Amino acid sequence: MPWLDALLGLAALALALALRPWRALAGGSPPWPALAWWLLMPLLWSADRLSAVPVLQPLAGSCLLMLMLGWPLAVLMLVPVAAVACIVGGLAPLEALDRLVWLGIVPATLAMLIGAALRRWLPHHLFIYILGRGFFATALAVAAAGTLAAALQAVPGGLSAQDLIVARWLFAWGDAFITGMLVAIFVAFRPQWLATYADRIYLPRS
């Protein structure tokens, strides 16, 4: 449904621009791990095309980008990811828009909302952030976005809708494993690489 993709994409981009997230960079640039992950994401989004295996679902990667940069800046940086994926994977423009929305904007937004709920309703503990936001929020957000996309999109040749939903659920857990692992490493050694984390919130006061 191109009109829905365009509506969701424009709404998210307008809100992200209105928040002016570049002010948080204070004239600098995002941490280099965020930039490295950002450069890798077009390959993740083109995995099914590059491998010519329709059941091989692309990894989203957008939840990790959101945790490292915050939602507004991550949303803006997803646009060039979709553009490069369009070229690398040989995607039609409407398909690139679809991946921008359902691999990028929707999972990142759902993960941000789940994270906000965890912060509101659960104790501010280190492992709540790592397991809750890094792992389970990513799994739920990517799986939900994949299921919604499968319900709204045409199924690729050789697959059934059920096959596609199962594949997207399985790959959502792969996405969650990578995100959770890297978040745990960053929290332990470089918490400043995570815009959504702060010691004063998640470490208990002595």
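Reader: Which helix gives the most to the lining of the largest pocket?
Author: α6 does, with seven residues. Keep in mind that this is a predicted model.

Reader: What volume does the largest pocket have?
Author: About 560 Å³. Of the 29 residues that line this pocket, Gln57, Asp98, Arg99, Gln153 and Arg168 are the closest to its centre.

Reader: Which helices each supply at least two residues of that lining?
Author: α1 (2–19), α3 (47–51), α6 (93–121), α7 (126–152) and α8 (161–189).

Reader: And how does the lining of the largest pocket split by class?
Author: There are 18 nonpolar residues, eight charged ones and three polar ones.

Reader: How many charged residues are in the lining of the second largest pocket?
Author: None: eleven are nonpolar, two are polar and no residue is charged.

Reader: Switching topic. What is the mean pLDDT of the chain?
Author: It is 90, and 95% of the residues reach 70 or more.

Reader: Where is confidence lowest, and where is it highest?
Author: Among the elements of the chain, α3 is lowest, with a mean of 84. α4 is highest, at 97.

Reader: Stay with α4. How many of its residues are buried?
Author: Eight of its eight. They are Ser62, Cys63, Leu64, Leu65, Met66, Leu67, Met68 and Leu69.

Reader: What do the buried residues of α4 pack against?
Author: They pack against α2, α5, α6, α7 and α8.

Reader: And what follows α4?
Author: Gly70, with a positive phi near 90°.

Reader: Now the core. Which members of the largest nonpolar core touch the most other members?
Author: Met41, Trp45, Leu65, Met68, Tyr129, Val183 and Leu194, out of 50 residues. Two or more residues of this core come from each of α1, α2 (32–45), α4, α5, α6, α7, α8 and α9 (199–202). The largest share is that of α5, with eleven residues.

Reader: Pick Leu194. What is it in contact with, leaving aside neighbours within four places in sequence?
Author: Leu67, Met68, Tyr129, Val183, Phe186 and Val187. Leu67 and Met68 are residues of α4, and both are buried.

Reader: Which residues are in the other core?
Author: That core lies apart and has six residues, among them Leu4, Val101, Trp102 and Val106. Leu4 and Trp102 also line the cavity.

Reader: Where is Gly9, and is it buried or exposed?
Author: Gly9 is in helix α1. It counts as buried because its relative accessibility is 4%, and the cut-off for buried is under 20%.

Reader: What does Gly9 touch, not counting residues up to four places away in sequence?
Author: Val101 and Ile105. Val101 belongs to the core of six residues.

Reader: How far apart are the C-alpha atoms of Gly9 and Val75?
Author: They are separated by 9.3 Å, while the two residues are 66 residues apart along the chain.

Reader: Where does Arg20 sit, and what is its relative accessible area?
Author: Arg20 is in the loop between α1 and α2. Its relative accessible area is 43%, so Arg20 is partly exposed.

Conventions: Residues numbered from 1 in each chain as written. Predicted model: local features only at pLDDT ≥ 70, side-chain atom pairs only at ≥ 80, totals over all residues. Heavy atoms only, no water. 1 Å grid on protein atoms, 1.4 Å probe; cavity = no way out; pocket = protein on both sides within 12 Å on 5 of 7 lines; lining within 4 Å. Points joined across faces, edges and corners; volume = space filled by probe spheres on them. Helix = DSSP H or I, 4+ residues; strand = E, 2+ residues; numbered from the N terminus. Nonpolar A, V, L, I, M, F, W, Y, C, P; charged D, E, K, R; others polar. pLDDT = per-residue confidence, 0-100. Core = buried A, V, L, I, M, F, W, Y, C linked by side-chain atoms within 4.5 Å. Buried < 20%, exposed > 50% of the residue type's maximum accessible area, 1.4 Å probe, protein only. Contact = heavy atoms within 4.5 Å.
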